[in-house]
Amino acid sequence: MSTVAHSFRGSRTVISGVLRTNGGRIGLGLLVITFFIALFGGFFAPYSPYETLGVPGAPPGNGHLLGLDFIGRDVFSRLLYGGRSTLVLAGLATILTYSVGGLIGLVAGFSRSKIDPILMRSVDILLSVPALLVILLLVTGFGSGSLVLVLATSLVLMPGVARIVRSATLEVSTRGYVEAAIARGEPTRALLLREVLPNISGIVTADLGLRFSWSIILIASVNFLGIGIQPPTPDWGLMISENRVVIGSNPFAIVAPSVVLAMLIIAVNLVGDAYVRQLDRSSGSE
Amino acid sequence: MVNPVVVSGPPSLPTPVVEGARHRSHPVLWFVSKRVGAALLTLFIVSVLIFLCTSVIPGNAVTVILGRSATPHTVAVLEARLGLDKSLLAQYLSWLGGLFHGNLGNSAVALAQQQPDPSIAHTLKDPLINSLILGGITAILLIPLTLLLGALAGIKADRALDQAISFPSLILAGLPEFVTGALLIYIFFTLLHALPPVSLVAPGASPLSTPKILILPVMTLLVVAVGSGIRQIRLGMIEVLQTDFVQFARLNGVKERRVLVRYGMRNAVANSVQTIAQNLQYLVGGIIVVESVFAYPGLGVYLVNAVQARDTNKILAVSIILAALYTFINIVADLLVVFLVPRLRTELV
């Protein structure tokens with residue numbers, strides 16, 4: 001019954017649950033900082049992220065906190081601008097993953113017919129190739145636009161969500177209150193929305209952090225490989241790859257975006273982990 | 001557990017259920033062929049999907065490759081030489097047929113540049129060997145490290161040793177390879193001047209002749225793979241140590257060492273094999289990014305270059321190799337689990 005209780009709790013209790021562990025506290029702090037940098041950092045940038053300001057690869061100094069990049073642009077300004085695209089695309093990919101994967105999982109788990117194995121086997125095909133390879137192939141076929149990146153990322157993350165939602169649905173749909181609703185003759189849509197969905201939301205939320213951090217990693221990796229977001233757009237993944245030529249003279253051009261990207265991913269993982277622990281604790285106490 | 005299945009009995013033993021009796025006379029053989037068949041089917045579907053992906057916009061690749069020299073005539077000539085003027089089905093069948101003869105088709109870029117030998121197969125040999133060396137060394141280190149650290153963390157769950165292993169692995173395993181790689185380059189090249197930041201190998205040379213260049217790529221792969229493996233091995237160990245038979249063994253006064261080895265480790269085998277398999281599968285994809293970080297001339301760099309150049313036949317070739325490797329690891333792990341853990345054989349049929 002813990003899952004029922006969870007779905008009716010507000011987001012405030014979720015946060016206070018996360019804050020109960022050290023990892024959760026550190027994670028949430030980092031999450032707020034990195035989200036702020038990624039989404040609003042651009043407003044505080046001292047220079048334009050596109051303007052060449054001096055010697056390529058110059059070390060910190062002369063009003064440039066993190067020095068200049070491989071063609072002489074201000075690294076600090078590019079850092080402040082460079083998180084938005086990845087974060088927004090990863091967010092969109094995560095939402096899409098849950099919409100499609102969730103729907104497939106719900107239908108497969110609730111159908112009790114041949115649809116279930118057919119859906120799950122087709123979804124499993126996507127798991128038989130490395131995720132990054134699927135994305136590379138789709139980029140080859142459809143180009144490297146933002147839309148393709150989001151679609152490709154959610155396509156490779158979707159099977160995992162479908163599986164989790166399916167098994168949770170399967171478990172919930174045999175419970176008394178669902179059987180009762182079926183006996184009352186409620187339409188399938190109402191059954192799924194009112195009986196099943198609220199009762200699997202806890203399990204689904206616990207998985208959210210993991211998918212989100214994978215979205216960030218996949219999109220940042222594709223950008224790093226030079227087949228995602230194209231230069232001269234400031235982007236953390238792209239910055240790490242394009243500034244490798246100046247690692248000798250200004251290592252901060254690589255280290256700074258690596259550190260913020262690492263902080264963002266660690267933050268998401270810590271918060272996700274703390275949420276799962278809190279969920280385990282509250283279901284264990286009942 | 002529901003239906004009684006004869007597993008280890010003599011093959012001639014009549015089984016109570018008529019349907020499927022034939023399968024049960026050689027359950028293991030039946031299982032192996034069923035798994036291999038399913039894997040081949042998956043690989044076939046994957047090859048069709050990969051093929052479709054690379055030929056969605058047929059004119060596009062050729063136009064991109066020809067660049068400014070693209071005229072309707074040059075495009076048509078190159079398309080004809082690549083066989084793109086035929087139907088999609090004919091193209092797929094001729095590609096698949098070539099695959100069985102070790103012919104992976106021609107490089108569109110090499111054709112466009114009118115190189116004397118545009119065939120792909122010989123350009124793949126060095127990258128394939130280089131990747132196998134990188135992946136092989138990583139795997140040799142990866143398996144014992146994951147098992148040892150994971151089992152230790154599981155046995156000492158929630159104590160200081162567990163914390164010392166689990167917390168760093170949670171942090172490090174989550175990072176993308178290129179971030180870990182960049183930070184390792186910063187430490188070992190910029191700060192310590194100990195290792196080279198790139199792992200270049202001269203064409204035709206073996207990376208083993210300059211082992212120093214392999215250290216950072218292997219380390220990067222290990223950090224990510226070992227970190228995620230530890231978590232699963234640890235959980236599996238904790239689960240096994242909480243089972244009744246382990247508790248009974250302890251209550252019966254069996255020495256802790258013996259409990260861990262005879263009862264714990266043995267029953268954690270299935271979970272461990274799966275974890276290691278997932279780790280090795282991860283390596284198949286992980287090399288794509290790690291090789292790019294260090295400019296190591298393996299399949300990953302080859303693939304990324306091909307994607308950037310839209311050289312579709314090269315992309316096809318690498319993709320099918322990686323997909324086959326991925327599937328192969330899967331089957332081997334499945335079979336290994338069944339042979340190592342007799343209990344699971346009841347689920348065979």
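Colleague: Why is B:Leu134 called buried?
Modeller: B:Leu134 has 26 other C-beta atoms within 10 Å. A residue counts as buried if 20 or more other C-beta atoms lie within 10 Å of its own, as exposed if 12 or fewer do, and as partly exposed in between, with C-beta atoms placed from the backbone. So B:Leu134, at 26, is buried. Bear in mind that this is a predicted model, where local features need pLDDT of at least 70 and side-chain atom pairs count only at pLDDT 80 or more, while totals for chains, interfaces and linings use all residues. Residues are numbered from 1 along each chain as its sequence is written, and chains are lettered from A and ligands numbered from 1 in the order in which they are written.

Colleague: What does B:Leu134 touch?
Modeller: Leaving out residues up to four places away in sequence, B:Leu134 touches B:Leu214, B:Pro217, B:Val218, B:Ile287, B:Tyr296 and B:Gly298. Contact here is C-beta atoms, placed from the backbone, within 7 Å. B:Ile287 is 153 residues away along the chain, with 8.3 Å between the two C-alpha atoms.

Colleague: Where is the kink in helix 7 of chain B?
Modeller: At B:Leu142, shortly before the proline B:Pro144, and it is about 25 degrees. That bend is the angle between axes fitted to the seven residues ending there and the seven starting there.

Colleague: What makes you say that helix 11 of chain B is hardly covered?
Modeller: Among the eight residues of helix 11 (residues 244–251) of chain B, the count of buried ones is zero. Just after helix 11, B:Gly253 takes a positive phi of about 85 degrees.

Colleague: And which residues touch the most other members of the largest nonpolar core?
Modeller: A:Val134, A:Ile135, A:Ile219, A:Ile265 and B:Leu303, out of 142 residues. Such a core is a set of buried Ala, Val, Leu, Ile, Met, Phe, Trp, Tyr and Cys residues joined through C-beta atoms within 7 Å. Helix 12 (residues 252–284) of chain A brings the largest share, 17 residues.

Notes. Helices (H or I, at least four residues) and strands (E, at least two) are DSSP runs, numbered from the N terminus. Two residues are in contact if their C-beta atoms, placed from the backbone, lie within 7 Å.
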